[in-house]
Amino acid sequence: MAGAGARAETEQGGRGRPAPTATAAPARTAPATPSSADRRPPTPRRGAVDPVKALMHRHRELCERAVDPLEIAAGLEAHGVTDRTAARFRHRDVFSLAEEMYARVPRSGDQPASAPPSAAAPERARPAWLLLSLLPGTLGAATVAGLRLTDGRARLFVTVAGVLAVAAALRAVLRRGPLSRPYRTGPGARPAGTRGGTWWLLAYAGLGDALVTAALTGGPDGLPDGTAGGAWPFAAAPVLALALSCAPAAWCAHLLSAGARRKLAASRGLEEFATAVRPLLLGVFALFLAALTGLLALCAVALDEPAGAAQTLTLGALLLLARLLTTHGATRAPGLVLRATAVGEAVVLAAVFTARLPGCGFLATPVDLLVDALGPGSVPALLCGASALTLLIHATRTLTRASAHARADHPR
């Protein structure tokens with residue numbers, strides 16, 4: 001009884017103070033309603049949990065020199081980043097990812113990070129390259145007229161001066177304007193074999209068919225004199241038409257570049273951009289062939305010569321596609337294809353002349369059969385046609401990429 005009473009007295013005395021080992025429960029408070037000032041967008045996560053920051057560090061130079069998000073999108077696409085890759089960075093496509101990267105790059109200039117893309121502004125044609133693109137055709141017409149009005153040493157002088165003048169004008173066209181090559185990064189950007197292959201193909205267009213015909217019949221009996229009625233006839237109409245086609249080629253390149261930049265600004269995905277640019281590329285290609293056909297018909301009528309439509313149109317298509325690819329940074333394929341086509345024509349000529357050696361007559365048999373069936377123009381038509389088709393397939397895959405139409409820092 002005494003123990004029980006003492007125990008009860010102890011319990012009654014301890015009711016007023018907490019037990020030594022007990023912890024007071026925290027008071028429950030109602031959740032605070034966030035005010036309008038506290039409702040801020042979540043800040044991007046930094047550190048290891050921010051994959052966009054790691055991507056920006058990897059492409060720091062691209063982000064710092066970009067003038068709009070579209071340039072970053074083109075650069076990412078060139079490095080193999082696709083819309084599926086962008087999904088790993090919590091973005092629906094490469095364009096959305098590029099917009100965030102562009103907005104997060106610190107800039108010291110006056111241009112705000114939210115400035116509208118400069119690609120939306122259409123690229124205007126400039127009188128400088130418009131007039132320059134007419135120069136090769138004008139000089140070519142003057143040279144052909146000089147060949148028709150002179151003879152002897154004067155004709156030789158006109159030929160040499162005309163070839164040099166047209167070559168200089170063509171080089172100027174390829175160095176300034178829509179047909180120029182703004183991409184000069186790395187050793188792989190050098191268009192190996194393009195210049196030599198182009199000049200060989202143009203020379204063959206003027207003299208090759210006549211040389212093959214003469215070689216199969218035991219000639220030629222003399223050197224070319226620059227006329228269509230000589231022992232080694234010169235086909236002036238195809239060469240003059242190709243020289244005149246520099247103007248429509250420059251216009252077509254301008255239309256492709258400006259149209260692609262507009263579609264790049266309006267697209268929201270790489271596949272969407274490729275789908276929009278492919279008809280533009282094919283339309284520009286068809287427009288050039290139509291212009292070249294008209295010029296060839298006019299030259300043939302004015303000079304009273306055969307047009308040679310098949311070999312001239314296939315050569316023009318080949319040269320245009322090679323230049324478009326070179327202009328937009330894809331230089332390796334045009335160089336290889338032009339060089340292979342030139343080598344193919346050289347092999348045909350070598351086979352015809354080698355067949356004159358004892359026991360080598362069989363080498364000229366394929367060329368002889370082809371010329372008898374389709375004419376001497378079938379040789380360059382088949383070679384240039386196959387090469388142009390190869391470059392057209394390559395162009396539909398290369399020139400429909402966003403990276404092929406990145407902003408060029410050079411005068412147009």
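Leu 156 sits in helix H8, which spans residues 152–175. Helices here are DSSP runs (H or I, at least four residues), numbered from the N terminus. This is a predicted model, where local features need pLDDT of at least 70, side-chain atom pairs count only at pLDDT 80 or more, and totals for chains, interfaces and linings use all residues. Residues are numbered from 1 along each chain as its sequence is written, and side-chain values use heavy atoms, with hydrogens and water left out.

A search of the whole structure finds one salt bridge. Arg 148 pairs with Glu 305, with the closest N and O atoms 2.8 Å apart. The partners are 157 residues apart: Arg 148 lies in helix H7 (residues 127–149), Glu 305 in the loop between helix H12 (270–303) and helix H13 (309–327). A salt bridge needs a side-chain nitrogen of Lys or Arg within 4 Å of a carboxyl oxygen of Asp or Glu.

The table gives accessibility (buried under 20% relative accessible area, exposed over 50%, partly exposed in between).

| Residue | Relative accessible area | Class |
|---|---|---|
| Leu 156 | 56% | exposed |
| Arg 148 | 41% | partly exposed |
| Glu 305 | 10% | buried |

Helix H9 (residues 194–216) and helix H14 (residues 332–354) have axes that come within 10 Å and cross at roughly 20°. H9 and H14 are therefore roughly parallel (angles under 35 degrees).

Terms used
Helix = DSSP H or I, 4+ residues; strand = E, 2+ residues; numbered from the N terminus. Buried < 20%, exposed > 50% of the residue type's maximum accessible area, 1.4 Å probe, protein only. Axes fitted to C-alpha atoms, helices over the stretch in contact; angles between N-to-C directions. Parallel < 35°, antiparallel > 145°, perpendicular 65-115°, else oblique.
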